[in-house]
Amino acid sequence: MSKVLLTPTGAERLRAELHRLKTVERPEIIAAIAEARSHGDLSENAEYDAARERQGFIEGRIKEVENKLAAAQVVDPKLLNASGCCVFGATVEIEDLDSGKTVAYQIVGEDEADFKESKISVNSPIGRALIGKYADDIVEVEAPGGRREFQILKVRYE
């Protein structure tokens, strides 16, 4: 399996999710299956079918999270000495040259990307365009709405 890039925050979130799945959700679904079984005929028991389906989902997610954590390469941006270069984990402040709007994004792995939290995937169009660039560079991004130009204002490692 290929490496899964994570920030320390992303790795901690996955560990917390795995803990919750194993200690809260798994026991709850086992209890729900036992309760549904106690109602008798399983062939026409919708509660049992729903509980078994939920169990399959939970077990699949546990396996997926365990595999991601096993393949994780945790990169702490605070420990990087990238000399101002946009790299995985960096927070990059950019200005849209068309609108003049300024935003800051942290470049993270696929599993951590959340646009609402200003975290973009290293594999997103903007993430790919920023990697390897420096402050004051102009980057062109082929976005779904068309070609956009951004100027990198600042690169931080936090």
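I started at the hairpin, which joins β6 to β7 through two residues. The model I am reading is predicted. I looked up how the two strands pair: β6 (residues 138-143) and β7 (residues 146-156) run antiparallel, with six bridges between them. I then checked Ile 138 and found its bridge partner in β7 to be Gln 151.

Next I turned to helix α1. I note that α1 covers residues 8-37, 30 residues in total. From first C-alpha to last, I have α1 reaching 42 Å, close to the 44 Å expected at 1.5 Å a residue. I looked for a bend and found one of about 35° at Leu 21. Leu 21 is also on my list of buried residues in α1, together with Gly 10, Ala 11, Leu 14, Glu 17, Leu 18, Glu 25, Ile 29, Ile 33 and Ala 36. I asked what the buried residues of α1 pack against. I recorded β1 (4-6), α2 (46-70) and β2 (72-74).

Last, I searched for aromatic pairs and found one in the structure. I class the pair of Tyr 105 and Phe 115 as tilted, because the ring planes lie at 35°, with the ring centres 5.6 Å apart. The pair links distant parts of the chain, 10 residues apart: I place Tyr 105 in strand β4 (residues 102-108) and Phe 115 in the loop between β4 and β5 (119-121).

Which of the two is buried or exposed? I have Tyr 105 as buried, because its relative accessible area is 10%, under the 20% cut-off. I count Phe 115 as exposed, because its relative accessibility is 58%, over the 50% cut-off.

Definitions and conventions. Residues numbered from 1 in each chain as written. Predicted model: local features only at pLDDT ≥ 70, side-chain atom pairs only at ≥ 80, totals over all residues. Heavy atoms only, no water. Pairing = 2+ DSSP bridges. Helix = DSSP H or I, 4+ residues; strand = E, 2+ residues; numbered from the N terminus. Expected span 1.5 Å × (residues − 1). Bend = angle between axes of the 7 residues up to and from the residue. Buried < 20%, exposed > 50% of the residue type's maximum accessible area, 1.4 Å probe, protein only. Contact = heavy atoms within 4.5 Å. Phe/Tyr/Trp six-rings, centres within 6.5 Å; stacked < 30°, edge-to-face > 60°.
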